[in-house]
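These are my notebook entries on one protein chain. I set down what I looked up, in the order in which I looked.

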Amino acid sequence: MKKLLCGLLGLAFLASCSSKKNFHQQNRQIEKSANKQTSGNYTNYTVASYIERFKTIAVKEMNQYGIPASITLAQAILESGTGKSDLAKYANNHFGIKCTSDWKGKGYYKDDDQKDDCFRVYKNPEESFRDHSEFLKRKRYAFLFELDKNDYKGWAVGLKQAGYATNPRYPELLISLIERYGLDRYDRPEGKYEKIQREDKVLADINKNIPNEAKKDRPKDVAPIIAGDNYIVQQGDTLYNISKRFGLTVDELKALNDMTGNTIKIGQALKVKK
């Protein structure tokens, strides 16, 4: 029995080493490809030049979806380190969006919430900005699209409430960037009729996405972790997708776990059986 246990541990260690080697190899390939495309000359953005480079894209996304351009720019500046992060340089990922089970593209691996988290790789920054808009078209963010498209303070607070970031100062950081660099000058109000049209389109898309969200929001290639009657919360989980996965309503899930709020943490055990 002891020999068998040692053998299993040895296999697990080898598998872990092999997996880590594959991650590093994939990263090297992505970095090599990026270096070839740029000849190793990456733009050393200042905040001003970064805004100038991406403001038109942010405005385009705002006009299509209603996300304030100031919010998109502030998130990109914050998440990408003004375009200087490895994710931005090599993976064209300016929002730190991770791979989920529906992601069909390449992955770039780095430590974040977990060891060797998988982040999405894009062909260009424009793809990253578009995917950011698409990523927000989930039920937990739906209430944000009912805000005016120049309500950057409402969006900043709402993104934190919806679980986009774990940093309690996230709204404050976004608002500070917006006001320091005058990013709200790119925001535009909309008329009542325009707002209704835009809301109807985006909310219709969100409703279509809802049946697949339990799968989409889960990390790529990760199986549900069950411990007895409990489910172990993973990166990307929300009360909504967990409840749907186990045939419960959000209220039932909260009642089972004596919860009054909607906050959950990675690694938390939630009772999922009545």
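**Entry 1. The chain as a whole**

I began with the secondary structure, which comes to 10 helices and 5 strands. The model is a predicted one, and I read every value below as computed from it. I then looked up burial: of the 274 residues in the chain, 43% are buried. I also looked at the contacts between residues with a separation of 6 or more, and 60% of these join residues 24 or more positions apart.

**Entry 2. Helix H7**

Which residues of helix H7 are buried? I looked along residues 170-180 and noted Tyr 170, Pro 171, Leu 174, Ile 175, Leu 177 and Ile 178. Viewed down the axis of H7, the buried residues fall within an arc of 160 degrees, so they line one face of the helix. I next asked what these residues pack against, and found helix H3 (69-80) and helix H6 (152-161).

**Entry 3. Thr 72 in helix H3**

I went on to a residue of helix H3, Thr 72. Its relative accessible area is 1%; the cut-off for buried is under 20%, and therefore Thr 72 counts as buried. I looked up its contacts, leaving aside its neighbours within four places in sequence. Thr 72 is in contact with Ala 58, Ile 67, Phe 95, Phe 129 and His 132.

**Entry 4. Helices H2 and H5**

I examined how helix H2 (residues 47-65) and helix H5 (residues 125-135) meet. Their axes come within 10 Å and cross at roughly 35 degrees. The crossing of H2 and H5 is right-handed.

Which residues take part in the contact of H2 with H5? On the side of H2, I listed Tyr 50, Arg 53, Phe 54, Ile 57, Lys 60, Glu 61, Gln 64 and Tyr 65. On the side of H5, I listed Pro 125, Glu 126, Phe 129, Arg 130, Ser 133 and Glu 134. The residues of this contact divide into 6 nonpolar, 2 polar and 6 charged. I noted that Phe 129, in this contact on the side of H5, is also among the contacts of Thr 72.

**Entry 5. Salt bridges**

How many salt bridges does a search of the whole structure find? I recorded 12.

I followed Lys 137 through two of them. Glu 134 forms a salt bridge with Lys 137, and the closest N and O atoms are 3.2 Å apart. Asp 205 also forms a salt bridge with Lys 137, with the closest N and O atoms 3.1 Å apart. This second pair links distant parts of the chain: Asp 205 is in helix H8 (residues 192-216), while Lys 137 is in the loop between H5 and H6, 68 residues apart.

Glu 134 has a relative accessible area of 30% and is partly exposed.

I then looked at a pair within helix H8, Lys 195 and Glu 199, which are 4 residues apart, about one turn of the helix. They form a salt bridge whose closest N and O atoms are 2.5 Å apart. Lys 195 is buried, with a relative accessible area of 17%. Glu 199, at 15% relative accessibility, also counts as buried. Elsewhere, salt bridges that share partners join Glu 134, Lys 137, Lys 201 and Asp 205 into one network.

Most residues other than glycine have a negative phi. I therefore looked for exceptions to this rule.

Asn 92 is not a glycine, yet it has a positive phi of about 55 degrees. I located Asn 92 in the loop between helix H4 (86-91) and strand E1 (107-110). Asn 92 is buried, with a relative accessible area of 14%.

Asp 258 is not a glycine either, and it has a positive phi of about 50 degrees. I located Asp 258 in the loop between helix H10 (250-256) and strand E5 (269-271). At 72% relative accessibility, Asp 258 counts as exposed.

Key
Residues are numbered from 1 along each chain as its sequence is written. This is a predicted model: local features need pLDDT of at least 70, side-chain atom pairs count only at pLDDT 80 or more; totals for chains, interfaces and linings use all residues. Side-chain values use heavy atoms; hydrogens and water are left out. Buried means under 20% relative accessible area, exposed over 50%, partly exposed in between (1.4 Å probe, protein chains only). Helices (H or I, at least four residues) and strands (E, at least two) are DSSP runs, numbered from the N terminus. The arc is that of the directions from the helix axis to the C-beta atoms. Contact means heavy atoms within 4.5 Å. Axes are lines fitted to C-alpha atoms, for helices over the stretch in contact, and angles run from 0 to 180 degrees between N-to-C directions. A crossing is left-handed if the near helix is turned anticlockwise from the far one by less than a right angle, and right-handed if clockwise. Ala, Val, Leu, Ile, Met, Phe, Trp, Tyr, Cys and Pro count as nonpolar, Asp, Glu, Lys and Arg as charged, and the others, Gly among them, as polar. A salt bridge is a side-chain nitrogen of Lys or Arg within 4 Å of a carboxyl oxygen of Asp or Glu.
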